[in-house]
Amino acid sequence: MRPPNRTYPTDNGAFYGLERRSYGNFSSANGLLKGQKGALNMTTLTKGKFVQMLRTSADIIKERHQLLSELDSATGDGDHGVTINRTMQAVVKALDENADKPFAELLKAVAMGVMMCDGGSTSPLLGSYFLGLASGAVADTLTATQTAAMFEAGLANFRKTSKADLGDKTMVDAFDPATEALVRALGETENHHAAFELAAAKAKEGAEKTSEYVAKFGRARTMGERAIGHLDPGAKSISYIFEGFSKAC
Ligand SMILES: Nc1ncnc2c1ncn2[C@@H]1O[C@H](COP(=O)(O)OP(=O)(O)O)[C@@H](O)[C@H]1O
Ligand SMILES: [Mg+2]
C-alpha cells in the first residue's frame, strides 16, 4: 500500500531529453507569445504535426502507465494505466493505418479505433473526444482560429458523453482548463507552441487539483470523502496527453 498523499514524482520533462520550459502563468507566457520567432513559432497546425503530437503523447502514456494504474488502485480498480495505454496504442495503430487520409477522416478513424478497443470507461470517453476533433478538422492545415475551434469541438463532444462538470474529479478537470487556455492563447497569437505549452500547464494544474475533490463519476464516487487526497488517474492521463502535445508542437 502506498501512502495516500504521496507526491507524484514523474512529470517533468526529462523523459524526452527536452529542456523543461515553464510558462505556468500568463504573464511569462505573454512574453513568449509576443516575442518569439523561429522554429517554435508554428503559426498553423498541420495534419502531420498533430500526428507527431499524438504519437508523443502515446509514448509518454506508455512510459508512465504503471503510475496511472497505481493511482487507479487507490480510488478505482487499478486498471487505468492499462486502459489508457491500450487506448493510446489504438490511436497509434489508426494513425499508421490511415496516414494518407485527409485530417478529418484520419481523426474519425482514430475515434473508431479508440471506441472499438477494450479500454474500460476510457475508450468511449476518448473516442468521443476524437470524434469531436474530427468534426473540427476542416482542412489539413489549420489556422490558429481553426485549431482553437477543433479543440473546442473535441471538448464539447467529450462532455456530451462524460456529463461531468469541473470539480467532479474526472478527466474534465484537466481537459476543460487546458482547452480554455489553448483557445484563449490562440485568440492572442498564432504561436501554436506557446499555446500548447500553456494548455499543458493548465492541464497539469487541473489534474493536481483533483486530489481536493470528492468524485461524482466513475468508480471513485463510491469512496465519498475517502477519495480526498488522491489524484484522479484520468485527469492525470489527460495532462500527460497535453504534455505530449506541447513537447511535439
Ligand atoms: N463520466 C466521466 N467523465 C469524465 N471522466 C470520467 C468519467 N467516468 C470516469 N472517468 C475517468 O475515467 C477514469 C477511470 O478510467 P478507467 O480506469 O480506464 O475506467 P474504469 O472506471 O472503467 O476502470 C477516472 O479516473 C476518470 O478520470
Ligand atoms: Mg479503472
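This is a predicted model: local features need pLDDT of at least 70, side-chain atom pairs count only at pLDDT 80 or more; totals for chains, interfaces and linings use all residues.
**Ground rules.** Residues count from 1 along each chain as its sequence is written, and chains are lettered from A and ligands numbered from 1 in the order written. Local features need pLDDT of at least 70 and side-chain atom pairs count only at pLDDT 80 or more, while totals for chains, interfaces and linings use all residues.

**Overall fold.** I looked up the secondary structure. The protein has 9 helices and 2 strands. These are DSSP runs, numbered from the N terminus: H or I of at least four residues for helices, E of at least two for strands. The order along the sequence is α-β-α-α-α-α-β-α-α-α-α. I then checked burial. Of the 249 residues, 53% are buried. Buried takes 20 or more other C-beta atoms within 10 Å of the residue's own, exposed 12 or fewer, partly exposed in between, with C-beta atoms placed from the backbone. Among contacts with a separation of 6 or more, 68% join residues 24 or more positions apart. A contact means C-beta atoms, placed from the backbone, within 7 Å.

**Core.** The largest nonpolar core has 68 residues. Such a core joins buried Ala, Val, Leu, Ile, Met, Phe, Trp, Tyr and Cys residues through C-beta atoms within 7 Å. Val91, Leu107, Phe130 and Ala199 are among those with the most contacts inside it. H2 (47-75) is one of the helices that each supply at least two residues of this core. The largest share, 10 residues, comes from H2. I followed up Ala199. Leaving out residues up to four places away in sequence, Ala199 touches Ala178, Ala181, Leu182, Phe242 and Ser246.

I checked its length. Is Met116 buried or exposed? Met116 is exposed, because 12 other C-beta atoms lie within 10 Å. Met116 and Ala90 are 26 residues apart in sequence, yet 8.7 Å apart in space, C-alpha to C-alpha.

**Ligand 1.** I listed the shell last. It holds 23 residues, and the closest are Gly120, Ser162, Thr170, Gly218 and Gly234. Shell residues have a C-beta atom, placed from the backbone, within 6 Å of the ligand. H3 (80-97), H5 (122-136) and H9 (233-248) each supply at least two. H9 gives the most, with 3 residues. By class, the shell has 7 nonpolar, 10 polar and 6 charged residues. Here Ala, Val, Leu, Ile, Met, Phe, Trp, Tyr, Cys and Pro count as nonpolar, Asp, Glu, Lys and Arg as charged, and the others, Gly among them, as polar.

Key: Two residues are in contact if their C-beta atoms, placed from the backbone, lie within 7 Å.
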